[in-house]
Amino acid sequence: MVGGWSPEEGYGIGMWKSEEGLDWAEFRSRPPFGNREGQRVVEFNGKIFLLGGVNYDQRKVFNDVWSSSDGENWQVATNAAPWSGRWDFDVAAFKDKLWLVGGMSIGSVGYGDVWSSSDGATW
């Protein structure tokens, strides 16, 4: 589980893991991608990818992509994917590609586009 937001506590920026989904332990309190919500995390080609999201406190949407082979050490795949910064979109790994679909920006802007990538860096 990676970050997020709640009305009681605001942004949670830590990372948690669980073997069975019941007992959770925080293993990283400050990941390099900072405070955000509405991002998507997906496993693809033996790595974990984190894409996009929003930080309403900063009024910023993200179009970056991060990857990790162990969940603790993260590298930037791209700081500026060609798709618009967004949150609450969906991502799937299918037929050797990542597929990003839809989402929204801050305000009333919604997206109906579809993007694909074979490596998370080139879209």
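This is a predicted model: local features need pLDDT of at least 70, side-chain atom pairs count only at pLDDT 80 or more; totals for chains, interfaces and linings use all residues.
**Entry 1**

I began with aspartate 88, which counts as partly exposed because its relative accessibility is 39% (buried means under 20% relative accessible area, exposed over 50%, partly exposed in between, with a 1.4 Å probe and protein chains only). Residues are numbered from 1 along each chain as its sequence is written, and side-chain values use heavy atoms, with hydrogens and water left out.

Next I looked up what aspartate 88 pairs with: it forms a salt bridge with arginine 40, with 3.8 Å between the closest N and O atoms (a side-chain nitrogen of Lys or Arg within 4 Å of a carboxyl oxygen of Asp or Glu). This pair links distant parts of the chain, 48 residues apart: aspartate 88 is in the loop between S8 and S9, arginine 40 in strand S5 (strands are DSSP runs of E, at least two residues, numbered from the N terminus). Arginine 40 is partly exposed too, at 24%. I also found its charged end over the ring of phenylalanine 89, 5.7 Å from the centre (NZ of Lys or CZ of Arg within 6 Å of the ring centre and within 35 degrees of the ring normal).

**Entry 2: the other salt bridges**

My search of the whole structure gave three salt bridges. In one of them, arginine 36 meets aspartate 64 at 2.8 Å, N to O. Arginine 36 lies in the loop between strands S4 (25-28) and S5 (40-44) and aspartate 64 in strand S7 (residues 60-68), so parts 28 residues apart in sequence are tied together. Arginine 36 is buried at 2%, and aspartate 64 is buried at 6%. The charged end of arginine 36 also sits over the ring of phenylalanine 62, 4.0 Å from its centre.

I then checked aspartate 113 and arginine 86, whose side chains meet at 2.7 Å, N to O. Arginine 86 is buried at 0%, while aspartate 113 is partly exposed at 23%.

**Entry 3: aromatic pairs**

I counted six aromatic pairs in the whole structure (ring centres of Phe, Tyr and Trp, the last by its six-membered ring, within 6.5 Å; planes under 30 degrees apart are stacked, over 60 edge-to-face, the rest tilted). Tryptophan 83 and phenylalanine 89 make a tilted pair, 6.3 Å centre to centre with 45 degrees between planes. Both residues are buried. Tryptophan 83 also pairs edge-to-face with tryptophan 123, at 5.8 Å and 85 degrees. Lastly, I noted one aromatic cluster of Phe33, Trp66 and Trp74.

Key
Helices (H or I, at least four residues) and strands (E, at least two) are DSSP runs, numbered from the N terminus.
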